[in-house]
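My notebook is open and I want to see how this chain is put together.

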Amino acid sequence: MGVTGRNSTYTAAYRVSLKEPFLQVEETIPVRKLTKREDEILEQGGSLEQTREKWSEEEIEATVRAYIEMKEKTAAGEPFTKSSYYQAISDEFPARSPKSFEYRMQNISFVYSLLGRGWLDGLRPMSNVGANVASMIEGKIA
C-alpha cells in the first residue's frame with residue numbers, strides 16, 4: 001500500500017486474476033483526508049509514521065503551560081478562544097495538528113480530575129493517557 005501527497009488520499013495496489021498472466025491494477029481509494037501537516041511531510045519525502053511520533057517533553061510542557069494560562073484567564077474572567085491556543089502551539093510544533101493539542105489538553109483535564117482539581121470547561125477529561133505522560137503532566141501542574 002502506498003500513500004500519495006497532493007491528492008490527499010491513500011492509494012492501494014492489488015492484483016486481479018483474469019486467467020494467466022495476472023493483471024496489475026492500481027486504484028486510488030479514499031480512506032480519509034490527510035491533514036495539511038501530513039501532506040507537507042509527504043511532499044518533503046517523509047512518511048506518515050513521522051506524524052505519529054511520541055510526544056516530546058517540550059510539546060507537553062508547552063501544552064500544560066497554555067492550559068494553565070487558560071485556567072488563569074477563566075478565573076480572572078478574561079475572554080479567550082481555546083482554538084487560538086491550539087493553533088499557536090501547533091505553529092510552535094508543526095508536526096502536530098491543533099486538534100492533537102486539544103486532545104492532549106483533555107488528557108491534562110483528566111490528570112486534574114485525578115488530583116481532585118477542577119478542569120477547563122469544554123475540555124472534558126479523556127483517560128487515554130499513558131502513565132509516563134500522566135506523570136509528566138502531573139509534575140508540571142503540581
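How many aromatic pairs does the count come to? I get 3 aromatic pairs. A reminder to myself: this is a predicted model.

**Entry: a stacked pair.** I looked up Tyr67 and Tyr112. Their ring centres are 5.2 Å apart and their planes meet at 25 degrees; stacked needs planes under 30 degrees apart, so I wrote this pair down as stacked. Next I checked how covered they are. Tyr67 has 0% relative accessibility, so I call it buried. Tyr112 has a relative accessible area of 3%, so it is buried too.

**Entry: an edge-to-face pair.** Phe80 and Tyr85 have ring centres 5.9 Å apart and planes at 90 degrees, so I noted them as edge-to-face. Phe80 is partly exposed at 25% relative accessible area, whereas Tyr85 is buried at 10%.

**Entry: charges over rings.** I went back to Tyr112 and found the charged end of Lys71 sitting over its ring, 4.8 Å from the centre. I found another case at Trp55, where Arg96 lies over the face, 4.4 Å from the ring centre.

**Entry: the core.** Which residues touch the most other members of the largest nonpolar core? I listed Tyr67, Ile89, Met105, Ile108, Leu123 and Ile137, out of 24 residues in that core. Helices H2 (57-76), H3 (82-92), H4 (98-114) and H5 (131-141) each give it two or more residues. I then picked Met105 and looked up its contacts. Leaving out residues up to four places away in sequence, Met105 touches Thr63, Ala66, Tyr67, Met70, Tyr86, Ile89 and Leu123.

**Entry: helix H2.** I tested the length of H2. Its 20 residues should span 28 Å at 1.5 Å a residue, and I found the end C-alpha atoms 28 Å apart, so the two values agree. Then I asked which residues of H2 are buried. My list reads Glu59, Ile60, Ala62, Thr63, Val64, Ala66, Tyr67 and Met70. What do these buried residues pack against? I wrote down H3, H4 and H5. Last, I looked just past the end of H2, where Gly77 has a positive phi of about 75 degrees.

**Entry: looking back.** Tyr67 kept turning up in my notes. I have it in the stacked pair with Tyr112, among the contacts of Met105 and on the list of buried residues in H2.

How values were computed. Residues numbered from 1 in each chain as written. Predicted model: local features only at pLDDT ≥ 70, side-chain atom pairs only at ≥ 80, totals over all residues. Heavy atoms only, no water. Core = buried A, V, L, I, M, F, W, Y, C linked by side-chain atoms within 4.5 Å. Buried < 20%, exposed > 50% of the residue type's maximum accessible area, 1.4 Å probe, protein only. Helix = DSSP H or I, 4+ residues; strand = E, 2+ residues; numbered from the N terminus. Contact = heavy atoms within 4.5 Å. Phe/Tyr/Trp six-rings, centres within 6.5 Å; stacked < 30°, edge-to-face > 60°. Lys NZ or Arg CZ within 6 Å of the ring centre and 35° of its normal. Expected span 1.5 Å × (residues − 1).
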